[in-house]
Amino acid sequence: MKIKLLVAPLAVMAAMSATAQDKAIFSDLSPENVTDTATGPMPAKWTFDDCVDWAIHNSTDVRKIMLSILQADEEVGAAKDAWLPSVGFSTSHSFINYPSPEEGRNGNTYGSSYGINASWTVWEGNIRKYRLESAKIARRQQDLAGDDAIKNIKLGILQAYLNTMYAKEAVEIARQTLEVSTSQTERAKRLMESGRSSKVEYAQIESQMAQDQYNLVQAESNFASSKMTLKKILQLGLDYDMELADFSFSDADVNAPLPTMDQTYSFAASWLPGIKSNDLSKEIYANDIKIAKAGNLPTIALQGGVGSGYTSGGPSWSSQMGHGFNENIGLSLSVPIYDGNATRRSVAKAKLAALEYDLNKENLLDELSQTIESLYIEANNSKAKYASGIKQLEATQLTAQLVDRQFELGYVNPLDLLTAHNNLVNAKLELLQSKFMAILSNKTINYYATTEVSLP
């Protein structure tokens with residue numbers, strides 16, 4: 001008996017936009033929020049929603065996004081501050097020694113000056129405007145990165161949660177199988193003791209019981225590994241004994257109707273964070289081109305200041321400072337004439353960088369179409385396997401019951417009994433696997449088509 005973990009096809013972990021509830025974690029951010037973690041009692045039995053909520057509040061990836069958002073806020077603030085004037089205070093002090101001073105002149109002179117100067121760029125080709133727009137767009141992209149992180153967490157937990165449920169049910173199948181093989185072994189022993197079967201036949205059946213014991217141990221190990229993977233996503237301690245909430249899926253969950261492939265693709269393309277973020281990049285590229293072109297435009301700046309000074313050997317310090325006090329204001333115009341083609345090269349580079357948008361958009365849409373198509377193929381295949389698996393299980397159960405009765409009557413040999421036994425086990429596991437694969441594909445497709453993911 002070999003138990004396989006469920007694996008979502010292609011980009012099942014694709015990023016998606018967050019709901020209003022998800023966005024709440026990114027509101028009212030502060031440096032303290034980045035280090036805050038979830039507190040309070042852990043649930044006795046973890047539902048899917050419990051796992052998602054816990055992971056979002058403890059995820060390192062989410063905290064990195066929170067930090068990036070704070071950094072983006074500072075970039076927006078810096079872009080706004082570029083509109084402010086600059087004001088500074090300056091002072092200079094000097095001492096001059098004259099080895100051969102004129103008669104009546106001091107050979108040592110001390111001088112000082114004091115001034116407060118201000119400057120403000122009136123116009124520079126709207127570079128500040130475009131940089132502020134780009135900073136705000138980059139801030140929106142960080143929000144989308146937060147959506148991406150949260151949705152990756154949700155779909156990662158969906159796969160890990162279903163894997164754990166699958167492994168748990170596989171353990172139950174292995175346990176039931178062991179009970180059957182144990183009963184068969186006990187019956188074979190009685191037949192051997194009564195002389196109706198040989199020791200070899202008994203040994204064969206006993207060997208199957210030992211194999212089923214090992215299969216149970218392996219199934220329990222797979223279940224523990226699945227729980228460990230889920231606990232890793234939730235960042236729970238290794239010693240924590242996690243227990244999932246009890247619920248099961250019905251045939252209706254497996255065969256749930258799905259939207260058309262075109263509908264799912266169109267809707268997903270309209271709100272996937274990666275695609276939306278790439279669309280915002282187009283606006284940043286456009287601003288970069290405008291900024292580069294501004295190198296050919298004049299710059300107008302306004303300067304002003306107040307100052308005074310003092311030189312030793314003259315009137316008193318206060319008198320010189322008072323009479324020397326002055327105010328000044330000026331306007332400067334700088335017109336570029338030739339910059340060695342630097343501006344022309346910058347514009348060309350910005351235009352080439354803008355071409356990246358179209359290439360990225362095409363790649364993102366191609367990946368999305370392949371992902372959607374793969375999900376539908378997997379969903380249809382799993383549903384078909386599940387439907388045929390039900391019939392196959394019914395047939396193998398009847399066969400196993402018949403062979404078991406025939407063996408007891410001495411009509412079949414142990415090899416036929418063991419073959420029927422293993423066929424029944426394989427049929428149960430294949431049905432279980434196709435069931436969970438169908439549910440995983442269904443839930444993922446509905447997530448692309450509705451932005452919501454949940455388990456009963």
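A quick word on the model: it is predicted, so local features need pLDDT of at least 70 and side-chain atom pairs count only at pLDDT 80 or more, while totals for chains, interfaces and linings use all residues. Residues are numbered from 1 along each chain as its sequence is written, and side-chain values use heavy atoms, leaving out hydrogens and water.

Let's start on the outside. W120, V122, W123, L297, L302, I329 and L331 make up a nonpolar patch with about 650 Å² of accessible area together. Areas are Shrake-Rupley values with a 1.4 Å probe. Strands β2 (108-123) and β4 (326-334) each give two or more residues, and β2 has the largest share, three. Strands here are DSSP runs (E, at least two residues), and helices are runs of H or I, at least four.

L302 sits in strand β3 (residues 299-311).

Now inside. N278, in helix α9 (residues 273-293), is buried at 6%. Beyond neighbours within four places in sequence, N278 contacts Y357, N360, K361 and L364 (heavy atoms within 4.5 Å).

Lastly, T444 belongs to helix α12 (residues 414-450) and is buried at 0%. A polar atom of its side chain lies 2.7 Å from the backbone oxygen of L440. Thanks, everyone!

Note on methods. Patches are made of residues with over 30% relative accessible area and no salt bridge: like charges are joined within 9 Å, nonpolar side chains (Val, Leu, Ile, Met, Phe, Trp, Tyr) within 5 Å. A salt bridge is a side-chain nitrogen of Lys or Arg within 4 Å of a carboxyl oxygen of Asp or Glu. Buried means under 20% relative accessible area, exposed over 50%, partly exposed in between (1.4 Å probe, protein chains only). A polar contact is a pair of N or O atoms within 3.5 Å; within protein, one must be able to donate a hydrogen and the other to accept it, and residues adjacent in sequence count only if both atoms are side-chain atoms.
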